[in-house]
Amino acid sequence: MNWTEIKAFFASLTLERLLPALLILVVGFTAVRFLMKLVDKLLDRSKLDRTMFTILRAALRVLLYSAVFLIAVDTLGFDVTSLVAILSVVSLAISLAVQSLLSNVVGGLTLLATHPFRVGDWVQIGDEEGVVQDIGIHYTKIMTYYGQVLYLPNSDTVSSRICNFSADGKCRMELKFTASYQDDTETVREAILEAAVHPGILRDPAPKVVVSEYGDSAVIYLLHIWVEPDEENYLEIKFAVTEAVREKFREKNVTIPFPQMDVHMNP
């Protein structure tokens, strides 16, 4: 439809043609408001996240009002197909212009729908670790142990490896210690277990010490302990146990070796 046809269309409008369209708009908008109230009640009863609730409500509202408007325009004899085509082209242009923004929105909807983590969870997203403060439409906000507030784009978040330390209610800590080959294995194991007595360490499952590998200069031991999924508590326990192991090694005369190399020279 060209500009001449558009002018001819508006010139041909009469009150008799406008009344049905106005009636459709009034009845249609009233019906949309009524339907939105029903939708609000249904969504309120659901366990849907509030952010997701807001997005779905806004999208449905735009869709319903647009449908009523197109029906009303169609009764006037306007070429709705051309209008829809124009709107599609405009929508495509806008989509290309805000592609990164839309990818973040889609990522936010994915996070809200799949729930890999919730506000308050201690998580690691890619290389970043902290407590989730907010899950927004564009960004996920986390706070690190050092007080840094990070805003991670949702498009990056959903494509990253996500580790949720809070999902199971407890998480395992693995600490590595070394002792010399001359030290008795059971003595080393006993010293490490005696050091793992922090009140934040869970007793079930019980702490466990295993020989991990034999290094060039030392035997490597691993301490497995379970703690509650709290980042601050986790680091406090890690530092306390690491320090306590050194004291226990000193009490039991366990040697912490340093890297060394034996060179044998043939005459």
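User: Which residues touch the most other members of the largest nonpolar core?

Analyst: A nonpolar core is a set of buried Ala, Val, Leu, Ile, Met, Phe, Trp, Tyr and Cys residues joined through side-chain atoms within 4.5 Å. Buried means under 20% relative accessible area, exposed over 50%, and partly exposed in between (1.4 Å probe, protein chains only). In this predicted model, local features need pLDDT of at least 70 and side-chain atom pairs pLDDT 80 or more, while totals for chains, interfaces and linings use all residues. Residues are numbered from 1 along each chain as its sequence is written, and side-chain values use heavy atoms, leaving out hydrogens and water. Here the largest core has 26 residues, and Ile-192 and Leu-223 touch the most other members.

User: Which elements give two or more residues to this core?

Analyst: Helices (H or I, at least four residues) and strands (E, at least two) are DSSP runs, numbered from the N terminus. The contributors are β6 (171-179), α7 (185-195), β8 (219-227) and α8 (231-251). The largest share, six residues, comes from α8. Another core, of nine residues, lies apart and includes Leu-112 and Phe-117.

User: How many disulfides does the structure hold?

Analyst: A disulfide is a covalent bond between the sulfur atoms of two cysteines. The cut-off is a pair of cysteine sulfur atoms within 2.5 Å. This structure holds zero.
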